[in-house]
Amino acid sequence: MLNPIDLPASDHEQVVYYRHPACGLRAIIAIHNTALGPALGGVRLWPYASEDEALTDVLRLSRGMTYKSAVAGLSLGGGKAVIIGGPDVKSEALFRNFGRFVDSLEGRYIAAEDVGTAVEDMDLIARETSLVSGRRGQSGDPSPATAFGVFQGLRAAVRHRLGRSDLVGVTVAVQGLGHVGEALSALLAEAGARLVVADVNFLRVQRAIQRFGAAAVAPSLIHTADVDVFAPCALGGGLNDRTIPALKAKVVAGAANNQLGEARHGVQLAERGILYAPDYVINAGGIINISYERGGYDRARAYAHIARIAGTLDAIFARADAEKTPTSVIADRMAEQIVAAAGAGRTARADRAPTEYRAAI
Ligand code: NAD
């Protein structure tokens with residue numbers, strides 16, 4: 001049964017709880033904004049300590065998706081789903097019931113893979129709804145596309161801050177060698193960059209040493225590495241009061257979501273003369289790739305669009321210089337302007353007929 005709740009102080013269009021005790025499903029879907037199109041965002045499965053903690057996360061993440069899709073030039077809004085629980089709650093019944101929940105939102109939210117969920121889970125959701133992306137046989141794992149976008153963005157940042165048109169001999173500290181971090185490392189090594197890496201999983205570090213000739217440092221010290229570029233590709237919140245003063249890199253360009261501990265840390269980076277490639281701009285490759293599933297996946301067109309992340313960052317860096325304003329602030333303003341322009345004079349998507357959304361996907 002759907003239980004609409006009173007929204008806490010936020011600018012979200014809709015937040016819905018769903019519980020199905022028989023299969024242990026407790027989920028929340030947050031639709032932040034649909035001015036640009038249906039809200040596409042991942043389904044995160046995580047052992048939140050409480051529903052309040054899950055709510056805070058889904059509100060924050062769904063807003064981030066609005067900004068990400070807007071700056072990436074996509075006709076998509078921002079949404080996200082969280083399922084409360086660890087890997088042990090996964091079952092066919094859970095994902096099929098979740099699929100019915102997604103379907104009940106009439107196309108205003110489209111599900112995708114995220115932390116804790118995988119392609120096979122999307123296939124189960126798809127048995128109950130067409131409102132799911134990233135299934136087998138479509139665009140697949142978004143991580144290589146994300147890594148490709150980060151690579152393009154990192155090159156743009158190096159060009160802007162270090163005046164280098166190639167990466168030969170440029171040193172990059174990669175924090176986290178998971179799906180994106182390892183693929184990014186491969187692209188960087190191929191371009192001639194020298195890598196310093198860290199991961200809490202030592203097997204992944206060993207593989208990077210063997211594959212890329214990387215130097216390894218302890219996870220607790222990777223941000224202090226004496227390198228040109230710091231590439232956060234692990235968890236969010238890594239740029240904070242403790243780490244920023246210790247950074248030696250002149251550029252921060254990586255895949256992790258929510259890299260800034262707080263918004264003021266974007267200001268702190270700018271004050272230290274460190275060029276920050278805003279996370280949701282540089283890591284949009286995955287969602288751009290997924291968006292090309294609509295109307296039949298076309299990899300060449302998707303990757304051409306992802307390559308444009310470099311140009312978007314060039315524009316953000318130039319505007320940040322001209323307005324003497326941190327890149328994080330410029331990116332937020334850009335996103336808000338795009339969403340406001342799309343929303344001006346139009347009713348919120350929430351007020352439109354469901355068929356409109358089905359037609360859009
Ligand atoms: P992943 O789980 O595959 O990889 C994360 C890696 O970070 C793992 O190898 C893990 O062991 C390591 N790690 C965890 N804590 C660490 C620490 N303290 N120090 C060093 N390493 C640590 O995740 P992923 O899909 O590669 O995503 C990486 C980041 O990029 C996440 O923040 C994710 O939200 C973001 N992101 C991913 C995509 C995508 O397409 N996968 C898209 C956009 C953003």
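**Note on the predicted model**

1. Helix α6 spans residues 202-212 and contains Q206. The model is a predicted one. Q206 has a relative accessibility of 34%, so this residue counts as partly exposed. Between Q206 and I282 there are 76 residues in sequence, and their C-alpha atoms are 27 Å apart in space.

2. On the domains: the assignment divides the chain into domain 1, made of 5-62 + 76-125, and domain 2, covering 143-336. Taken over C-alpha atoms, the centres of domain 1 and domain 2 are separated by 27 Å.

3. How many residues of each domain are in contact with the other? Six residues of domain 1 touch five residues of domain 2. Between domain 1 and domain 2 an area of about 490 Å² is buried, and carbon and sulfur atoms account for 65% of that area. On the side of domain 1, L40, R60 and L76 supply 66% of the area buried against domain 2, more than any other three residues do.

4. Zero salt bridges are found between domain 1 and domain 2.

5. In soluble globular proteins, nonpolar side chains tend to be buried together.

6. What does V172 touch, not counting residues up to four places away in sequence? Its contacts are L154, L188, A193, R194, L195, V196, V227, V229 and A231.

7. On salt bridges: the structure holds 19 of them. In one, R26 pairs with E51, and the closest N and O atoms are 3.7 Å apart. R26 is in strand β3 (residues 25-33) and E51 is in helix α1 (residues 51-71), so this pair ties together parts that are 25 residues apart in sequence. R26 counts as partly exposed because its relative accessibility is 36%.

8. A second salt bridge joins the side chains of D121 and K90, at 2.7 Å from N to O. D121 belongs to helix α3 (residues 119-125), while K90 is in the loop between β5 (77-84) and α2 (92-104), so the pair ties together parts that are 31 residues apart in sequence. K90, at 31%, counts as partly exposed.

9. R100 and E128 also meet through their side chains in a salt bridge, with 3.2 Å from N to O. R100 sits in helix α2 and E128 in the loop between α3 and α4, so parts 28 residues apart in sequence are tied together by the pair. R100 counts as partly exposed, at 42% relative accessibility. Through shared partners, salt bridges join E92, R96, R100, R127 and E128 into one network.

10. T66 is a residue of helix α1. With a relative accessibility of 2%, T66 counts as buried. A polar atom of the T66 side chain lies 3.3 Å from the backbone nitrogen of G78. Leaving aside neighbours within four places in sequence, T66 is in contact with H32, N33, G77, G78 and V339.

11. E106 is not a glycine, yet its phi is positive, near 60°. E106 is located in the loop between α2 and β6 (109-113), and with a relative accessible area of 36% this residue is partly exposed. K324, also not a glycine, has a positive phi of about 45°. K324 is placed in the loop between α11 (309-323) and α12 (327-343). With a relative accessible area of 76%, K324 is exposed.

Conventions. Residues are numbered from 1 along each chain as its sequence is written. This is a predicted model: local features need pLDDT of at least 70, side-chain atom pairs count only at pLDDT 80 or more; totals for chains, interfaces and linings use all residues. Side-chain values use heavy atoms; hydrogens and water are left out. Contact means heavy atoms within 4.5 Å. Domain bounds come from an automatic or database domain assignment. Buried area is the accessible area (1.4 Å probe) that two parts lose on being put together, summed over both. A salt bridge is a side-chain nitrogen of Lys or Arg within 4 Å of a carboxyl oxygen of Asp or Glu. Helices (H or I, at least four residues) and strands (E, at least two) are DSSP runs, numbered from the N terminus. Buried means under 20% relative accessible area, exposed over 50%, partly exposed in between (1.4 Å probe, protein chains only). A polar contact is a pair of N or O atoms within 3.5 Å; within protein, one must be able to donate a hydrogen and the other to accept it, and residues adjacent in sequence count only if both atoms are side-chain atoms.
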